[in-house]
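Please read this report alongside the sequence and the coordinates.

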Amino acid sequence: MELLMLSGGVLVVPVLAFITSFLFWPGALLKVYNWYWRQRLGLVVRYSHSGSYRFCYFSRGKPGGATPSLLLLHGFSATKDMWLPVIKYFPKNQHVVCVDMPGHEGTSRTGSEDYSIQGQVGRIHQFVQSIGLDKTPFHLIGTSMGGNVAGVYAAHHPAHLCSVTLICPAGLVYPTETRFISRLRELENSQQEESIPLIPSTPEELDDMLRLCCYTPINLPRPVLRGLLQNRIPNNGFYKEVFMEIVGEKSRHSLQENLHLIKTPMQVIWGKEDQVVDVSGASVLQDALPHCQVEVLESCGHSVALERPRKAANLIMNFLSADDVNDENTKKVS
C-alpha cells in the first residue's frame, strides 16, 4: 500500500506542475509546446552570424534534393515557429530553413534602419550568405510582411532564387482597401496615441487581432490567450517601432515599386476572406507579372499558415514539382 501511495505521489507531482504552469506561467508552457513540436518535426535551432549580427533559425534536411531548398520568412510580430503547421505537411526529406526576421525572437535587435523593408532585405541576404544558401538557387516563401520582403528580395537578388511564393503579401497598392487599411489611415491622421490592431496588450485586443487575421474563428482557452500575451507584451515597444517603419512612406508600397524588376517565377497564395490586405492584391500581381500562378483559397483569411497549412504546403510542393513554370495566365480557386 505504501509503495502504491508513493508511486501515486510521483505521478501527481508532474501533473500538479503542469497545471500550475498552465495557470501561472502559460507563456513558458507555450514555448515548451513549440519546442516539443520542433522536436517532433526534426527541426534543429541554429545560429549564424554576419559580423556581430546574429540570426536565429531552424532547419531540417540537407540541400541538393529533388526539389530546391526552402527559405521561409514570417510576418510582422510572429516568429519562425509560425511555419510549424505548414512544415508538418512538407516531405520529410525536404530541406527547410525558417529564420526569425530582423529583431524578432532570437535574431539581433538593432535599430530602425534594419526594420524597413529594404533593411530587412539586406539582412536576409546576409543570412542567406552566412549559411551558404546562395550556393544553389533556392525557393523563397514569405507571408504578409515577409511576403513584402520576399518580393523585394526577388527583385534585387534574382540570381540566388529559382522561384518565389508570396502569401497574402503586404506592400502593394490594393484596388480594394480592407477596414484594417482604412483604420491605419485614421491612426495616421490622428494626433492621439491609439492602439494598433496588430499589437494587442489585453486579452480582448488579442481576441480582436485573431478575428482580424483568421476567417475561421479560433476559440482559445483563456490561459492560452494569457500565455500568448505574456510572450508578446514585453516586445510591444519593438513591434510598434517595426510597424511604423513598414507602414511609413519608405516601405509602405515597397513590393509595388519593385514589381517591374521581378523576373523570378512566382506563385501567389491568398485567402479570399483576408481582412488585413485585400485579395484584390492578387490581381495587381497578376497584371504586373502575367506568368505568375495565383491560388485563391476559399473560406480562408490572412493567416493561411494557420488556417490552411496542408493546402499551402501541397500548393508549394506542387509548384516546385512542376516540370516548368506555367506560361499561361493562371488563376485557380481552391
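## Aromatic contacts

The model is a predicted one, and a search of the whole structure finds 10 aromatic pairs in it. Phe238 and Tyr239 are both buried, and together with Phe76, Tyr115 and Phe243 they form one aromatic cluster.

Charged side chains also meet aromatic rings in this model. Arg109 lies over the face of Phe238, at 3.9 Å from the ring centre, which places a charged residue against a member of the aromatic cluster. In another contact of this kind, the charged end of Arg123 sits over the ring of Tyr53, 3.8 Å from the centre of that ring.

## Salt bridges

A search of the whole structure finds eight salt bridges. Among them is the one between the side chains of Asp81 and Arg38, with an N to O distance of 2.8 Å; it links distant parts of the chain, since Asp81 belongs to the loop between strand 3 and helix 3 whereas Arg38 belongs to helix 2, 43 residues apart. Both Asp81 and Arg38 are buried.

Asp100 forms a salt bridge with Lys80, and the closest N and O atoms of this pair are 2.7 Å apart. Because Asp100 lies in the loop between strand 4 (96–99) and helix 4 (117–130), while Lys80 lies in the loop between strand 3 and helix 3, the pair ties together parts that are 20 residues apart in sequence. Asp100 counts as buried because its relative accessible area is 0%, and Lys80, with a relative accessible area of 4%, is buried as well.

Within helix 7 (residues 203–213), Arg211 and Asp207 are four residues apart, about one turn of the helix, and their side chains meet in a salt bridge of 3.1 Å, N to O. Arg211 is partly exposed, at 47% relative accessibility, and Asp207 is also partly exposed, at 24%. Salt bridges that share partners join Asp207, Asp208 and Arg211 into one network.

## A nonpolar surface patch

Val32, Trp35 and Tyr36 form a nonpolar patch on the surface, and their accessible area together is about 330 Å². Val32 is part of helix 2 (residues 26–40) and counts as partly exposed because its relative accessibility is 48%.

## Loop residues with positive phi

Ser77, although not a glycine, has a positive phi of about 65 degrees. Ser77 lies in the loop between strand 3 (70–73) and helix 3 (84–87), and its relative accessibility of 9% makes it buried.

Ser299 likewise has a positive phi, near 50 degrees, in a residue other than glycine. Its place is the loop between strand 8 (293–297) and helix 12 (304–307), where Ser299 is partly exposed with a relative accessible area of 41%.

## Side-chain contacts with backbone oxygens

Gln267, in strand 7 (residues 266–271), counts as buried at 0% relative accessibility. A polar atom of the Gln267 side chain lies 3.0 Å from the backbone oxygen of Leu315.

His260 is found in the loop between helix 10 (254–258) and strand 7, and it is exposed, with a relative accessible area of 56%. A polar atom of the His260 side chain lies 3.3 Å from the backbone oxygen of Glu257. His260 and Ala155 are 105 residues apart in sequence, yet their C-alpha atoms are 8.0 Å apart in space.

How values were computed:
Residues numbered from 1 in each chain as written. Predicted model: local features only at pLDDT ≥ 70, side-chain atom pairs only at ≥ 80, totals over all residues. Heavy atoms only, no water. Phe/Tyr/Trp six-rings, centres within 6.5 Å; stacked < 30°, edge-to-face > 60°. Buried < 20%, exposed > 50% of the residue type's maximum accessible area, 1.4 Å probe, protein only. Lys NZ or Arg CZ within 6 Å of the ring centre and 35° of its normal. Patch = residues over 30% accessible without salt bridge, like charges linked within 9 Å, V, L, I, M, F, W, Y side chains within 5 Å. Areas by Shrake-Rupley, 256 points an atom, 1.4 Å probe, with all protein chains shown as cover. Salt bridge = Lys/Arg side-chain N within 4 Å of Asp/Glu carboxyl O. Helix = DSSP H or I, 4+ residues; strand = E, 2+ residues; numbered from the N terminus. Polar contact = N/O pair within 3.5 Å; in protein donor to acceptor, adjacent residues only side chain to side chain.
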